Amino acid sequence: MFSFEVLETDGFARAGTIHTPHGDIKTPAFTPVATQATVKTLDVHELTKAHAQAVLANTYHLYLSPGIEVIQEFDGFAPFMNWSGPTLTDSGGYQVSFLWEPKNIHSKTERAASVKITDEGALFRSHIDGSKHLLTPEKSMEIQDALGADIIMAFDQPLSLSSSEKRQNEAFIRTLQWEERSFRRWEDLQKNRKNFQALYGIVQGETDVKKRQESLQFVLNMNFPGIAIGGATIGSDPAITKQALETIVEMFPNNKPIHALGLGGGPEGILNAVSLGIDTFDNTSVTRMARTGLVFIYPEDGGTTKNKFRIDTKKFKKNDRSPLSNKCTCTTCKEYSRAYLRHLMVNDELLGGRLLSIHNVTFMNMFMHELRNAILSKSFSDFKKEWTS
RNA sequence: GCUGAGGUGGUGGAGCGGUCAAUCACAACAGACUGUAAAUCUGUCGUCCGAAAGGGCUACGUAGGUUCAAAUCCUGCCCUCAGCA
C-alpha cells in the first residue's frame, strides 16, 4: 500500500516514485500546504491544473476547527476538501512548540508563552478561543489517524535557533522520546485502518553533525516508513540548508522517502536540497508570497540567484501588456497581462492572490518536473548550473 | 447678498496658546516571509547635512496683529461648503 522506489540517481540527487493508497507521487516533488484543508485561495481543480500531486494539512488547526469529529464524518480531510490525491499531515509539533514561543519570527511584539512543554506533551491554549488542550505524541497520532492522510509525521519539538543550548539539548532528547511514543501508538492504530498510513520520523539537530546523525540513526533503527528533515536550518537560507543536509546525506537509505519540512529558499534552496537527497518538501511561502505579490520566474524571464528567482508584481509597469512569464503555461500567464496583475495586487483585489497562487504553485511543480527529468537523464548538474550560474 | 461652518503634509482627518515637523489612517516607497494564529508583518515617509545621536531651514489659505511663545487668539482679504434670499 505504501512504498518508495528510486528510479535514477545523479550524485546524491534521486528521482523516484512514492506509491500511496491515493496515488503516486513522482519525486522530487513539492507538496503545497493546505493547513486548514485548503491551499489558500485555490480549489482542487486549480490545484490539479497546477500539477499539484499531493497536499499537506495540519493536525493542530484541523483538531481545533472544525474538530476531528467533523473530519471523521467526512472520512478524512481529503474528502472534506474534495481532494482525491495523496495527502500528508504535519503532527502539530511545530505549532505548539515553535510558534508559541514568547519570541518568534512571526511577531515583533513579545507575548506570553501560551504553551507549556513537559515530557508528557504540550499543554497549550487555542489561538481561537483560549481553551486548554494537551497534545501528546499519542494524541497527535490519533488525530492524524482521523485526518486520514497517506503520510503522517511523528510528534516532535522543534526550536528556533536562538534558543539556549540547554533548551536545544532538552528538546533534542525529548523529540527522540516523543518519536518512539509516536511510533508505538501509530503501530497500534494501523491495525484498525482501511488504508495504511506511512509515519515519517523527524530528524532534528540543525547543523550539528553528531546530533543530526544520531537523530537519523534513531529514525532508521525504529524503521519508520519515511524520514522527514526538520528544524530551522531547513528554512530559507540555501547555504545553511546545504550545511544541515550535508551532515547526513550519506546515511539516507534508498528505499525510504526523505521529506524536507518547510524547505524554503526558492529554486536555489530546492536545488541544494534535491542535490542532497531530498525527495519531497512542503513550503508555505510559495502561496504566501503569491498573496503578497511576489511571483517566481524562470531564468528565461530574468530569474537569478541574486533576485531569488522572484519578482514583485506590484512593480510591473501600469500598462505592460506582456505576460508574467513567457515560459510558464499556467492560465495566469496565458490569459492575463502584467498590467492587470499589477492592478489587482496594488488594489488588494482577491483575484490577484489567486491568480498569482496559480502561477507560483504551477511554477514550483513544473520546476520539480524539469528537475526530475534532469535527474532521470543524468543531467542534473547541468540543470543546476543553468539555474544557478 | 445675508447667516452659519470651514480652509492642516500626496489624500482623509486629529490638534484649538508652549511637550508640533504636527496623533491616526490611507496612499507611496523600500524590505521580509520555515513543517501558515500571514490576502500578513517591518521600515521610511516636509526638506537639507549625518551611519546614528543630533542639528539647520521652511511649513498648518493669505496679509497683518496680540504674546516671552501661535496651526491654535484678534483683524482684513481670498476660497470652499450648507441654509436663506
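1. A residue counts as buried here if 20 or more other C-beta atoms lie within 10 Å of its own, with C-beta atoms placed from the backbone. By that criterion, 50% of the 389 residues of chain A are buried. The model is predicted, and the points below should be read with that in mind.

2. Overall dimensions. The C-alpha atoms of chain A fill a box of roughly 60 × 50 × 45 Å along the principal axes. The radius of gyration is 20 Å, which agrees with the value near 21 Å that a compact globule of 389 residues would have. Among contacts in chain A with a separation of 6 or more, 68% are between residues 24 or more positions apart. The secondary structure of chain A comprises 15 helices and 16 strands.

3. The eight-stranded sheet. Eight strands make up an open sheet with parallel pairing, in the order E4-E14-E13-E12-E11-E10-E6-E5. E4 and E5 are the edge strands; each has a single partner, so one side of each is left without a neighbour in the sheet. On average, neighbouring strands of this sheet are turned by 25° against each other, direction ignored.

4. Strands E11 and E12. Within that order E12 and E11 are listed side by side, and strand E11 (residues 198–203) pairs with E12 in the parallel sense over four bridges. Two positions can be checked by eye: Tyr 200 stands opposite Gly 226 in E12, and Ile 202 stands opposite Ala 228 in E12. Strand E12 (residues 226–229) is covered on both faces. Gly 226 and Ala 228 are buried on one side, and Ile 227 and Ile 229 are buried on the other. Helix H8 (residues 209–222) lies across E11 and E12 and runs at about 160° to E11.

5. The three-stranded sheet. A further open sheet has the order E7-E8-E9, and its pairing is antiparallel. Strand E7 (115–117) and strand E9 (132–135) stand at the edges, each with a single partner strand, so one side of each lacks a neighbour in the sheet. Neighbouring strands here are turned by 15° against each other on average, direction ignored. Strand E8 (residues 122–125) is joined to E9 by four bridges, and Phe 124 has His 133 in E9 as its bridge partner.

6. Strand E1 (residues 3–10) and strand E2 (residues 13–20) pair in the antiparallel sense over seven bridges. Ser 3 has His 19 in E2 as its bridge partner. E1 and E2 form a hairpin with two residues between them, and Gly 11 in the turn has a positive phi of about 70°.

7. Cis peptide bonds. The peptide bond from Thr 27 to Pro 28 is cis, with omega near 0°. Pro 28 is found in the loop between strand E3 (23–27) and strand E4 (29–31); E4 is an edge strand of the eight-stranded sheet. Ser 65 and Pro 66 are also joined by a cis peptide bond, with omega about 10°. Pro 66 lies in the loop between helix H2 (59–64) and helix H3 (68–73).

8. His 51, which is not a glycine, has a positive phi of about 70°. His 51 lies in the loop between helix H1 (44–49) and strand E5 (55–58), and counts as partly exposed because 18 C-beta neighbours lie inside 10 Å. Lys 308 has a positive phi near 55° and is likewise a residue other than glycine. Lys 308 belongs to the loop between strand E15 (294–296) and strand E16 (310–312). With 18 other C-beta atoms within 10 Å, Lys 308 is partly exposed.

9. Surroundings of the RNA. RNA strand B is surrounded by 46 residues, of which the closest are Pro 158, Gly 235, Ser 236, Gly 262 and Thr 284. The residues of the surface near RNA strand B divide into 16 nonpolar, 20 polar and ten charged. Helix H5 (93–99), helix H11 (285–291) and helix H14 (350–376) each supply at least two residues of this surface.

Conventions. Residues numbered from 1 in each chain as written. Chains lettered and ligands numbered in written order. Predicted model: local features only at pLDDT ≥ 70, side-chain atom pairs only at ≥ 80, totals over all residues. Pairing = 2+ DSSP bridges. Axes fitted to C-alpha atoms, helices over the stretch in contact; angles between N-to-C directions. Near = placed C-beta within 6 Å. Nonpolar A, V, L, I, M, F, W, Y, C, P; charged D, E, K, R; others polar. Buried ≥ 20, exposed ≤ 12 C-beta atoms within 10 Å, placed from the backbone. Rg over C-alpha atoms; globule rule 2.2 N^0.38 Å. Contact = placed C-beta atoms within 7 Å.
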